[in-house]
Amino acid sequence: ASWIREHREAFACSQQEFAEESGISRATLSRIEQGHIYPSMQVRRKLARALGVGPQELWNTRPEWFTEESAKRAS
């Protein structure tokens with residue numbers, strides 16, 4: 001989650017700008033950056049595309065708190 005925020009800030013993008021570029025809502029981006037939700041594969045692809053990396057580079061492993069329910073909330 002912090003990786004997303006760090007890279008977004010490196011591009012000097014606001015959350016709103018990056019969310020629009022990614023095709024997700026600013027609220028969802030905020031919740032991802034804060035670690036409140038684990039994004040679905042579809043959302044990871046959108047974020048990766050906006051950052052110019054592969055989705056696997058964003059999240060190689062699932063965090064301990066991850067559940068299928070949290071993934072559903074993120075999609």
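A: Let's begin with Gln15, which counts as buried because its relative accessibility is 18%, and the cut-off for buried is under 20%. Please keep in mind that this is a predicted model.

Q: OK, and which element does Gln15 lie in?
A: Gln15 lies in helix H2, which spans residues 15-22.

Q: Which residues does Gln15 touch, leaving out those up to four places away in sequence?
A: With those set aside, Gln15 is in contact with Arg8, Arg26, Leu29, Ser30 and Glu33. Of these, Leu29, Ser30 and Glu33 are also listed among the buried residues of helix H3, which covers residues 26-33.

Q: What are the other buried residues of H3?
A: Thr28 and Ile32 complete that list. Just after H3 comes Gly35, which takes a positive phi of about 80°.

Q: Stepping back a bit, how many helices and strands are there in the protein?
A: The protein has six helices and zero strands, so that, read from the N terminus on, its elements run α-α-α-α-α-α.

Q: And how much of the protein counts as buried?
A: Of its 75 residues, 37% count as buried, while the protein exposes about 4,600 Å², with carbon and sulfur atoms supplying 45% of that area. As for contacts with a separation of 6 or more, 53% of them are between residues 24 or more positions apart.

Q: Back to the helices: at what angle do H2 and H4 pack?
A: Their angle is about 110°, and the axes are 8 Å apart. That angle makes H2 roughly perpendicular to H4, since values from 65 to 115 degrees are classed that way.

Q: Which residues make the contact?
A: H2 contributes Phe18, Glu21 and Ser22, and H4 contributes Lys46, Leu47, Ala50 and Leu51. Sorted by class, the contact has four nonpolar, one polar and two charged residues.

Q: Which residues of H4 are buried?
A: In H4, which runs over residues 41-51, the buried residues are Val43, Arg44, Leu47, Ala48 and Leu51. These residues lie on the same side of H4, because they cover an arc of only 135° around the axis. In general, an α-helix has 3.6 residues a turn, so residues three or four places apart point the same way.

Q: Last one: what follows H4?
A: H4 is followed by Gly52, whose phi is positive, near 75°.

Notes
Residues are numbered from 1 along each chain as its sequence is written. This is a predicted model: local features need pLDDT of at least 70, side-chain atom pairs count only at pLDDT 80 or more; totals for chains, interfaces and linings use all residues. Side-chain values use heavy atoms; hydrogens and water are left out. Helices (H or I, at least four residues) and strands (E, at least two) are DSSP runs, numbered from the N terminus. Buried means under 20% relative accessible area, exposed over 50%, partly exposed in between (1.4 Å probe, protein chains only). Contact means heavy atoms within 4.5 Å. Accessible areas come from the Shrake-Rupley method with a 1.4 Å probe; for residues, only the protein chains shown count as cover. The arc is that of the directions from the helix axis to the C-beta atoms. Axes are lines fitted to C-alpha atoms, for helices over the stretch in contact, and angles run from 0 to 180 degrees between N-to-C directions. Angles under 35 degrees count as roughly parallel, over 145 as roughly antiparallel, 65 to 115 as roughly perpendicular and the rest as oblique. Ala, Val, Leu, Ile, Met, Phe, Trp, Tyr, Cys and Pro count as nonpolar, Asp, Glu, Lys and Arg as charged, and the others, Gly among them, as polar.
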